[in-house]
Amino acid sequence: MNILVTGGTGYIGSHAVQRLLREGHRVLVVDNDFRGHREVIDLLSPTAPGRLSFREVDINNSAVVADAIRYEKIETVMHFAALAYVGESVDDPVRYYHNNVTGLLSLLHAMRDSKVTRLVFSSSCSTYGEVSGDQIPVDEDCPQNPVSPYGRTKLQGEQILLDFAEAQRRAGREFACTFLRYFNVCGCDRSGVLGEDHEPETHLIPVVLRTALGQREYIGIFGTDYDTPDGTCIRDYVHVEDLVDAHVLAMNAMKPGVGAGQVAAYNVGIGRGYSVRQIIESARRVTGREIPVREMPRRAGDPPQVYNNPKKIREALGWEARIPDLDEMIRTAWTWFEKHPNGYRSAVAQR
């Protein structure tokens, strides 16, 4: 197929592009490179001559995106182009609503004008908000009550798509959309080409590995007295390649002619959690380095544990995590971080 990947130079989007190219698809990447890495295109283009195109354009530029969709004869869209820092969304909600909500509306205009009817939407478990103990493991019927502007932009995106799908159904037009609500995404491409390079970096595993590299003095543990086996918070981690598998399965399930208004929502996580201390101990085993820690007070709003119930996506799409082992997840990340201590700048310097 001809597939548009928005946000395709970012962490998850780039891994999706790599997988789609490996499967023989033609891919158009649209990204404004605000937090993505243009180097990804240079790294992936030689692996698929003539099958990867790139347009540096903001998703809010609907007319340009529509022109690109028509020129490349796009059939399906994977939408990753979103800002995703919870704290930043609290400080600058207008930027988040503009990029995540208005950007989605702009994309839908471009898709409708170009008669593209299939979309895989990057959503988030943050749409559930603060989950109580009796709602864990979290399934798709858990009430959605986000507590941050970021989470609200993702929930509003889902609601927009539900309304759009219903309008298409009433008009007798085909439209299929799948929401994938991610839990904590981690790891890197096992071939060593692509990695995780954020600035600022807030994800636990990259922060731990940067500490192992000596780029940080220590890793802070925020709260050691939670009601968990080792006193630290527990979260569900899913490897980025497993997450991409879910996108491909969702895309393949949305065949042409399935009928108007088809919408599905799935959580994506491995179904069990790892604690902060377990993450650090695993990183010590994998890297062979000490990794200093400091115990800090709890952060407001951190629940003791949150992990996913993967039953629905397993039964509907046949998805299973292929990399559920924590050491293996971290090993894939360490392989990239050790070779690329300065992120994609290292990758370019090595070429």
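User: How many residues does helix α6 have, and what does it reach from its first C-alpha to its last?
Analyst: Helix α6 (residues 149-170) has 22 residues and reaches 31 Å. That is close to the 32 Å expected at 1.5 Å a residue. The expected span is 1.5 Å times one less than the number of residues. Helices (H or I, at least four residues) and strands (E, at least two) are DSSP runs, numbered from the N terminus.

User: What kind of model is this?
Analyst: This is a predicted model: local features need pLDDT of at least 70, side-chain atom pairs count only at pLDDT 80 or more, and totals for chains, interfaces and linings use all residues. Residues are numbered from 1 along each chain as its sequence is written, and side-chain values use heavy atoms, with hydrogens and water left out.

User: Which residue just after α6 takes a positive phi?
Analyst: Gly172, with a phi of about 75°.

User: New topic. How many aromatic pairs are there?
Analyst: The count is 4. Rings of Phe, Tyr and Trp (its six-membered ring) pair if their centres lie within 6.5 Å; planes under 30 degrees apart are stacked, over 60 edge-to-face, and the rest tilted.
Take Phe121 and Phe179: their ring centres are 6.1 Å apart and their planes at 80°, so the pair is edge-to-face.

User: Where do Phe121 and Phe179 lie?
Analyst: Phe121 lies in strand β5 (residues 118-124) and Phe179 in strand β6 (residues 176-182), so the pair ties together parts 58 residues apart in sequence.

User: Are Phe121 and Phe179 buried or exposed?
Analyst: Both Phe121 and Phe179 are buried. Buried means under 20% relative accessible area, exposed over 50%, partly exposed in between (1.4 Å probe, protein chains only).

User: Which residues form an aromatic cluster?
Analyst: Trp336, Phe337 and Tyr344 form one. Trp336 and Phe337 are both buried.

User: What about Ile205: where does Ile205 lie?
Analyst: In helix α7 (residues 204-212). Ile205 is buried, with a relative accessible area of 4%. Ile205 and Gly187 are 18 residues apart in sequence and 8.2 Å apart in space, C-alpha to C-alpha.

User: Which residue lies over the face of Tyr226?
Analyst: Arg298, at 4.0 Å from the ring centre. A charge sits over a ring if NZ of Lys or CZ of Arg is within 6 Å of the ring centre and within 35 degrees of the ring normal.
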